[in-house]
Amino acid sequence: MVTSATQQARDEAARFVARMDGDAWAAADEAELQAWLAQDPLRQGLLLQTQAHWLALTPQAEETAAEPEVGEEADTAPSGAWRRRGVMAGIAASVVLAFAGLRWVQSPAAYTTRLGEIRRLPLSDGSVMTMNSGSELTVTMAQQAREVELTQGEAWFEVAKDAKRPFVVASGDVRVRAVGTAFSVRRRETGVEILVTEGVVETWAEGDRDLRMRLTAGDRAMMSAHAVIDYETGVSSSVDRALAWRGGMIDLDGRTLYDAADEFNRYNRRQIIIADPDVAREKLDGLFRVNDPEGFAEAVKASLGVALDTSNPALIRIE
């Protein structure tokens, strides 16, 4: 049974989606949307459903948008197809300039994702970036270069070919350059991790250009400002597992419980604590949803026979 309140929420979601598909969406509209979403946690799902229905009305437009012509000038007004992809990108997020990235702009556009949020965003050059939970970055599309500065978190980039404008991601002192490829950059406490899923990228440290590496699909490197901390080549399956978050999953594949708990804590307010160091060093295989720390804890309990303390709604204590 659809209540009047539910129908009203559906109508409001539809109005937001229709407005996002227009050309006049601005920061004030984004703020209004965020305020509406904050009033009820169910509204984010409702907005996604409405966006999916909206996109389904124009499958040909989506197909066209997914295959932009190489060399196409981006300083024209966004097409209806791109606007519809923008609608899909309008998943609830704290975005400073939400849809500025859909247009050819000279000024930087800043994006953030909240805890537990994974967001896919098309860029004006035809590239697409997918931001992981708790990430912050700035995108600058200039005539001579495409620049991304990742200040926190992780993002995966599918880069459109444009030989005249290199695509460079900066994170701290580390730089990653690509043309027509796909790769992720994650800022960690100990350095910057780069995973390559397609093509070739070049990475170096600013101020130390001798520290330069070429990575191909299936390679992983951890860089700091002064050293290559870790490097693996030909580990495509490992790279894919590390990027399982793009599908909302965590693939443990023999990782220690300490690492697993750290990974779940990236996405959830309810944090996992492993009290026993010996238990923390145990390893576990499995594929879990990023928003299911309870399911992970129950799996640990069943596999290792450990006790769980779930009395605190903010914590899961594995003992």
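**Close-up views of a predicted model**

**Figure 1. Helix 7 and helix 9 form a left-handed crossing.** The contact behind this crossing involves Leu257, Ala260 and Phe264 on helix 7, together with Pro293, Phe296, Val300 and Leu304 on helix 9. By residue class, the contact of helix 7 with helix 9 comprises seven nonpolar residues, no polar and no charged ones. The model shown here, as in the other views, is predicted. Helix 7 spans residues 257–265 and helix 9 spans residues 293–304; their axes come within 10 Å and cross at roughly 165°. Because angles over 145 degrees count as roughly antiparallel, the two helices, helix 7 and helix 9, are therefore described as roughly antiparallel to each other.

**Figure 2. Ile272 is a buried residue of the chain.** Ile272 belongs to strand 17, which covers residues 271–274. Its relative accessibility is 5%, so Ile272 counts as buried, the limit being under 20%. Beyond its neighbours within four places in sequence, Ile272 is in contact with Ala261, Phe264, Asn265, Pro293, Phe296, Ile316 and Ile318. Among these partners of Ile272 are Phe264, Pro293 and Phe296, which also take part in the contact between helix 7 and helix 9. The C-alpha atoms of Ile272 and Ala260 are 9.3 Å apart in space, and the two residues are 12 residues apart in sequence.

**Figure 3. Five aromatic pairs are found in a search of the whole structure.** In the pair of Phe157 and Phe183, the ring centres are 5.5 Å apart and the planes lie at 35°, so the pair is tilted. Phe157 is located in strand 6 (residues 154–158) and Phe183 in strand 9 (residues 182–187), so this pair ties together parts that are 26 residues apart in sequence. Both partners are buried: Phe157 has a relative accessible area of 1%, and Phe183 has a relative accessible area of 0%. Ring pairs also bring in Phe167, linking Phe157, Phe167 and Phe183 into a cluster.

Figure 4. The chain has 319 residues, of which 47% count as buried; Ile272, Phe157 and Phe183 are among the buried residues. Considering contacts in the chain between residues at least 6 apart in sequence, 47% join residues at least 24 apart.

Notes:
Residues numbered from 1 in each chain as written. Predicted model: local features only at pLDDT ≥ 70, side-chain atom pairs only at ≥ 80, totals over all residues. Heavy atoms only, no water. Axes fitted to C-alpha atoms, helices over the stretch in contact; angles between N-to-C directions. Helix = DSSP H or I, 4+ residues; strand = E, 2+ residues; numbered from the N terminus. Parallel < 35°, antiparallel > 145°, perpendicular 65-115°, else oblique. Left-handed = near helix turned anticlockwise from the far one by under 90°. Contact = heavy atoms within 4.5 Å. Nonpolar A, V, L, I, M, F, W, Y, C, P; charged D, E, K, R; others polar. Phe/Tyr/Trp six-rings, centres within 6.5 Å; stacked < 30°, edge-to-face > 60°. Buried < 20%, exposed > 50% of the residue type's maximum accessible area, 1.4 Å probe, protein only.
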